[in-house]
Amino acid sequence: MKRLLFTIIFAAVCILNAIQIDLNTASLQEIKTLPISEQQAKDIYEYRYYTAFYKSIYDLRKIPSIDQETMLKLRPLVEISHYTDLDDTELRREEIYYLLERLGSSEGTQEGFADVWEDYLMTPHNVNKMSYNDILNLPNVSPIDAAAVIKRIALQDTIIDYRNLRSTSGLSHYGATNIRNYVFYHEQPAQQKLFINYQLRYEDKVFEDDTKTLYKEIFRDKNDASVRESDHSYWGYFNLSQASPAVSNKIRLRYGNDFKAGILYSNQKGESTFTENTFADNLDDAKYYAAYESQLDFLGNTRFKAYLGNYRVTFGEGLVMENTDYYSSRKTGYGFSKRILGLTEDLSRTDEYALKGAAFSLENKYSSFTFYYSQDKKDAVIYDLNGDGIIDSNDKDEDGKYQAVSYVTSSVRFDNDDLRGAEAYFNENLSKKINLAPRKDILDETIIGGRWEISPIVGTHVGFSGYQAVYDNAHFVVFDQADIAEQFIRDSADLGKWNMQSSEIQNMYATKTDSYKRNYRQVVGIDWRTNIGNTSFSGEYAELSVEGGTMKIGDDPSAIVLSSFTQFENFNFISLFRNYDLGFDNPYSRAFSEHEKFDDTVLDKNPHTLTNPLIADMFLNSAQAQAERGVYFETRYRINNYLTLNRTYLDIWERLSDGRRSVRFQGDLDYRPIYALSLRTKYKNQVNRYDDDADRGVSKTNETAGIVTAYLSNRDRLQFEYRYTKVWGPPYPYLTNNAESPYVDDDPSSNYDTTVQSQVLMKGDFLKIDFTHNVNDNLRFRTGLGFWNGHGVSHWDWEDMEIDFMGMQGLKYWVLLQNKIANNLYVSMRFRAKHYKTKELEMRAWWNEPVTDNEAYFRNINMDDYAVRLQLDWRF
């Protein structure tokens with residue numbers, strides 16, 4: 001009677017509320033409430049349990065006890081939900097979908113890391129057999145956390161699950177949560193399966209403002225007003241307003257845990273595309289690798305790696321070797337700015353500093369050894385030796401070699417024949433011909449390098465590393481101090497633009513000088529790390545061999561980094577000291593710094609004065625650290641459940657090219673009255689040339705931001721940000737000695753005067769709204785809207801995974817859509833529109849008289865920029 005009553009009530013509720021029973025998820029008890037016999041209910045349940053999930057209502061007819069009449073009776077009362085039978089690999093993807101999604105959007109320095117971390121996610125290793133470096137290389141895992149895990153393993157204390165891992169002495173909660181998705185806790189059945197990842201990325205956006213400026217520079221003599229046509233610039237000559245979009249295709253394969261391979265073909269914006277090139281050119285421009293990684297038990301649990309093709313090597317603090325095209329300021333090696341140490345694959349978009357050849361490494365708990373060999377062609381800025389204005393094979397010296405000034409990562413890699421045609425065209429309007437120009441794949445580079453590490457105890461090591469780069473077809477040259485400015489600057493009237501900071505150009509490395517001639521560059525170094533209690537101490541010292549003794553330390557240009565990292569459960573503290581000699585010119589160095597090489601030189605501040613604007617790419621895309629000496633402190637402190645001091649740092653440093661001393665402070669305080677509401681205040685203060693207020697180089701920047709973030713249900717998020725910035729510059733005088741200037745006090749005997757500019761104060765503000773909505777487990781969109789008013793202040797903004805710099809005044813909006821179309825197919829689409837005004841300029845004569853030229857006044861121009869990015873990831 002009770003059962004009958006329950007059935008009647010349940011059926012009534014179903015009818016009244018239009019509730020249907022899902023045959024793919026309902027329990028046996030729920031199925032029994034349907035108007036069928038108990039045996040029929042049992043048959044329906046057991047068919048799903050033992051035979052297959054239901055794909056449609058008509059599958060009920062496959063059950064002998066269900067006739068057509070019964071099926072029709074059940075049809076309005078039941079539903080069939082979509083169900084896919086997932087294997088272990090697909091289930092793993094489901095569990096870590098949000099992590100794969102995040103890695104797939106990585107840019108710049110993080111791009112190469114994503115492939116390594118994704119392999120760990122899809123084919124995790126047994127944490128009980130991982131090495132110290134394996135664990136340290138996982139995202140956001142600190143040296144203290146890695147040492148705590150390895151010490152436990154060394155004591156034969158097996159880690160059996162995450163809860164057990166969390167109880168490891170010395171392992172922070174943050175470290176444990178970052179480890180858990182990348183490891184297993186016991187040996188998994190050997191999965192000799194083939195994993196394939198394919199990624200297509202299409203991106204069409206405008207060039208950055210600095211890049212656009214140098215390409216639009218018109219080739220003409222300074223006082224020649226007749227040449228104004230746009231085709232007398234690289235922008236017009238190559239029709240860069242219609243530049244082709246950036247497209248990349250990447251395929252990665254992995255068989256089990258031992259074998260992997262991959263290939264990448266990509267073209268940056270403005271470069272020739274895959275369909276325009278020959279097969280040989282495409283193969284030459286592609287990046288690829290094949291690798292074998294295995295645990296060699298017969299060598300005492302030694303991990304072995306071997307790579308053919310493109311690979312990446314990083315050691316210590318990045319002083320000797322870290323081959324990437326991307327620069328990252330304040331790269332401490334901890335947290336979100338960490339390095340993946342050792343030997344890994346490289347299918348990132350790094351091109352100029354890519355290594356291609358063969359490499360292997362052997363590592364156990366006591367020692368490790370890495371050897372690498374690379375032979376590749378590099379882009380470089382070449383000197384017009386014969387002075388004919390055309391840089392070609394006729395510009396080789398008596399040794400049959402080109403004269404190179406520097407490596408260069410070009411914003412657009414034009415073909416050499418196309419560049420020669422452009423230079424010949426531009427030279428027709430120049431009294432001083434183009435004498436410096438980038439050339440694609442002009443430099444033959446062969447690198448042999450390696451590293452040997454000794455690790456006597458867990459968390460402690462000493463490593464010796466070095467490499468030698470041999471240049472078969474070029475000499476690196478540095479012009480004499482007396483005429484270096486004339487080689488870089490087009491018009492003699494602009495030679496005064498060659499500032500003291502440009503001594504960094506004068507101190508570049510040369511393989512051919514008055515005192516020696518060689519065909520190589522050699523860098524050697526030593527790095528170390530040790531953990532004492534809750535603090536990890538590390539450092540690296542490197543030297544560039546010039547004229548010093550081979551075995552003598554300190555007689556060549558050198559660089560050093562010393563750092564420490566202290567960690568407690570709710571607190572960490574980083575301290576770092578660096579000192580890089582002006583002559584330490586290692587193109588593969590990516591150590592900590594505030595600014596990249598050539599910052600504030602003539603390559604940065606006055607690209608319009610250069611003999612060829614394209615050589616400004618030496619600065620714009622520089623990845624090396626500038627010569628600096630300074631100390632840096634950073635901390636994070638979770639005070640209580642409501643208040644957290646997020647990443648807060650102080651940097652005090654001196655730029656060695658001109659002795660400018662600067663200080664930069666940033667604080668970030670997060671208050672959470674409830675967990676779902678974050679109220680953040682950020683403050684930044686930077687003073688350049690803080691030791692001399694009367695110097696023209698002084699500037700003081702203050703920036704204050706308020707950020708309100710609401711974490712909504714279903715992982716949705718709404719964020720508001722307001723930022724206010726002030727930049728102050730000092731008053732300064734000009735002392736002139738111009739024969740044509742007005743006389744002082746109408747006295748014809750005076751031929752000098754002093755003009756004074758008042759202090760400068762620029763202000764600007766920025767307002768942003770950012771909203772993320774998860775429609776369901778498979779669809780998410782994120783959108784942002786920003787307004788800004790610059791008044792001379794430069795504004796920037798993080799959009800999803802990339803940074804955007806804005807103009808003087810305007811607004812922008814962007815939308816990102818991420819969709820999991822199928823279990824192994826993901827697509828993301830991003831659109832951005834930006835509407836802004838350019839800076840208003842009025843050109844005036846030295847004595848503040850208007851220039852008579854009709855084009856001396858440049859009014860605001862309304863600009864409309866649009867950007868589209870499409871990315872497809874197929875994993876199977």
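Modeller: A salt bridge is taken here as a side-chain nitrogen of Lys or Arg within 4 Å of a carboxyl oxygen of Asp or Glu. Residues are numbered from 1 along each chain as its sequence is written, and side-chain values use heavy atoms, with hydrogens and water left out.

By this rule the count comes to 45 salt bridges, and one of them joins the side chains of Lys605 and Asp600, with N and O 3.3 Å apart. Lys605 counts as partly exposed because its relative accessibility is 49%, whereas Asp600, at 11%, counts as buried; buried means under 20% relative accessible area, exposed over 50%, and partly exposed in between, with a 1.4 Å probe and protein chains only. Through salt bridges that share partners, Asp600 and Lys605 belong to one network with Asp599, Arg655, Asp658, Arg660 and Arg689.

A second pair links Asp134 to Arg303, the closest N and O atoms being 3.8 Å apart. Because Asp134 lies in helix H8 (residues 132–136) and Arg303 in strand E9 (residues 302–314), this pair ties together parts that are 169 residues apart in sequence; helices (H or I, at least four residues) and strands (E, at least two) are DSSP runs, numbered from the N terminus. Asp134 is buried, at 7% relative accessibility, and Arg303 is buried too, with a relative accessible area of 8%.

Strand E9 also holds Arg312, whose side chain meets that of Glu322 in a salt bridge of 3.7 Å, N to O. Glu322 sits in the loop between E9 and strand E10 (342–345), so this pair ties together parts that are 10 residues apart in sequence. Both Arg312 and Glu322 are buried.

As for confidence, the chain averages a pLDDT of 83, and 85% of the residues score at least 70. Over residues 12–17, however, the pLDDT is below 50, and this stretch has three contacts (heavy atoms within 4.5 Å) beyond near neighbours in sequence. Residues 735–754 also stay under 50, although the model gives them 24 contacts beyond four places in sequence. Where pLDDT is low, the predicted coordinates should not be read in detail.

Conventions. This is a predicted model: local features need pLDDT of at least 70, side-chain atom pairs count only at pLDDT 80 or more; totals for chains, interfaces and linings use all residues. pLDDT is the predictor's confidence in each residue, from 0 to 100.
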